[in-house]
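Hi,

Here is the structure I promised to pass on.

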Amino acid sequence: MSTIIDLQTKIRKIQTQLATDIDNLASQQELTISYLGKKGLFNQVAQMLRELPNEEKKTAGQLLNQLKEELSAKIATVTISESDNQSWIDLSAPGIQPKVGHMHPISQAMRDITHIFEQIGFTRVRYPEVDWDWYVFESLNMPPDHPARDEWETFFVDAPDTTDKNVAYDASEPRGRHPSLIGGKMVMTTHTSNGQVREMERLNSTPPIRMINIGRCYRRQQDATHTQMFHQFEGLVVDEGINIQHLKGTLDYFAEQFYGPGTKSRIRPFHFQFTEPSFEVDFSCHICGGTGLIDGNRCKFCKSGWHEVGGAGMVHPNVLKAGGIDPEIYTGFAFGWGVERTYTLKEGLNIDDIRLFYSGDLRFLEQF
Ligand code: DAH
């Protein structure tokens, strides 16, 4: 009578022998026959099952199943050499269809947002994700040490602070426009608002400007509703005679295009350093039609008929000045908010944990 120990010893021998045979360049066909064939080593060892005591049979069966899987997998990795007799390849068999993926849901949302704004004459731009403090804060009317900066939990980059007077001043660099502010710290962009003054510079401080800047942002935050990396989109319009009605019209247009006909926008007074006046922006809930009720019950998705999405306002004169634009002649509006939230609202998704978007877990991503 054999025991499970004998079986395990045999299994190990087969594993070692397969490794040796593969090293000695045995062909896939030879290996298939001698290991998995009718009289192959696997079937030989499998016969031991009969000789084992009943209480060991279950474990032995599992070991044998594992062995079979391992042998098949290893043999399958052996490349078919020319010496193999290829007659067993069935050329008429259908091929293996490669799996077709699709765009990440957040990329889809960015594409849709871009398209909606391009329809009304905005140009999509991209600006650095790692940028000077000047573009991220200072040019946006937030001097060093201003308390408003605390709202953006910033990652600082360990790069030389070029305010060091030993570092040469490069006049070809756009910051050459701000001789008093050469250099400064490098930060991971905490919002896409860094694109505002960059866009003014790109257009040589000459309106009209109609920018949509979509990009990655970074903040020191990580929980179920925040990821350290996320996306925002930022709109900026500067021209003569731009007023709040243009902003409101643009928000209503976006609401209808992105969330569907009948969706409205609402602006509420707020404070941002870079806009005056400033607003928070809400969109009416497209699930309950903005009523807050579904069949007489409270809409579970919005509770009040509205969803808060982001910020907006009329560009502060200091921001226009920082971009070399005369605020006596030109005015502008700006808005900015998160792509992830904008997208999950659209789909009516109650995603408990937005980190799932970046988990790379196909079970999650394949649903979109
Ligand atoms: N940058 C702001 C943030 O990240 C959002 C924002 C508010 C952008 C108002 C704007 C604006 O352009 O006008 O919270």
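To get our bearings: in which strand is R216 found? R216 is in β4, a strand that covers residues 209-218. Helices (H or I, at least four residues) and strands (E, at least two) are DSSP runs here, numbered from the N terminus.

Before the rest, some housekeeping. This is a predicted model, so to speak of local features I need pLDDT of at least 70, and side-chain atom pairs count only at pLDDT 80 or more, while totals for chains, interfaces and linings use all residues. Residues are numbered from 1 along each chain as its sequence is written, and side-chain values use heavy atoms, with hydrogens and water left out.

Back to R216, which is partly exposed, with a relative accessible area of 39%. On that scale, buried means under 20% relative accessible area, exposed means over 50%, and partly exposed is in between (1.4 Å probe, protein chains only). From R216 to E276 there are 60 residues in sequence and 25 Å in space, C-alpha to C-alpha.

**The pocket**

The largest pocket comes out at about 1,200 Å³. The search runs on a 1 Å grid over the protein atoms alone: a pocket is an open set of points, where a 1.4 Å probe fits, with protein on both sides within 12 Å along at least five of seven lines, and lining residues have an atom within 4 Å of a point. Points are joined across faces, edges and corners, and the volume is the space filled by probe spheres set on them.

There are 42 lining residues, and H226, E308, V309, G338 and R341 are the closest to the pocket's centre. Elements giving two or more residues to the lining include β5 (229-239), β6 (265-272), β7 (275-284) and α10 (339-347). Which element gives the most? It is β10, with seven residues. By class, the lining has 15 nonpolar, 18 polar and nine charged residues.

**The ligand**

- H191: a side-chain N or O atom is 2.9 Å from a nitrogen atom of the ligand.
- S193: a side-chain N or O atom is 2.9 Å from a nitrogen atom of the ligand.
- W152: a polar side-chain atom is 3.3 Å from an oxygen atom of the ligand.

**Salt bridges**

How many salt bridges does a search of the whole structure find? It finds 13, each being a side-chain nitrogen of Lys or Arg within 4 Å of a carboxyl oxygen of Asp or Glu.

One of them pairs D133 with R149, with 2.9 Å between the closest N and O atoms. This pair links distant parts of the chain, 16 residues apart: D133 is in helix α6 (residues 133-136), and R149 is in the loop between α6 and β3 (186-188). Both D133 and R149 are buried.

Another joins D282 and R268 at 2.8 Å, N to O. D282 lies in β7 and R268 in β6, so this bridge ties together parts that are 14 residues apart in sequence. D282 is buried at 2% relative accessibility, whereas R268 is partly exposed at 26%.

D353 also bridges to R355, with closest N and O atoms 2.9 Å apart. D353 is partly exposed at 22%, and R355 is partly exposed at 32%. Finally, shared partners join R266, R268, E280 and D282 into one network.

Most residues other than glycine have a negative phi, and most peptide bonds are trans. Here are the exceptions I noted:

- The P207 to P208 peptide bond is cis, with omega near 10°.
- E276 and P277 are joined by a cis peptide bond, omega about -5°, and P277 is in β7.
- L25, not a glycine, has a positive phi of about 60° and is exposed at 73%.
- K303, also not a glycine, has a positive phi of about 70° and is exposed at 54%.

Cheers

Definitions and conventions: Ala, Val, Leu, Ile, Met, Phe, Trp, Tyr, Cys and Pro count as nonpolar, Asp, Glu, Lys and Arg as charged, and the others, Gly among them, as polar. A polar contact is a pair of N or O atoms within 3.5 Å; within protein, one must be able to donate a hydrogen and the other to accept it, and residues adjacent in sequence count only if both atoms are side-chain atoms.
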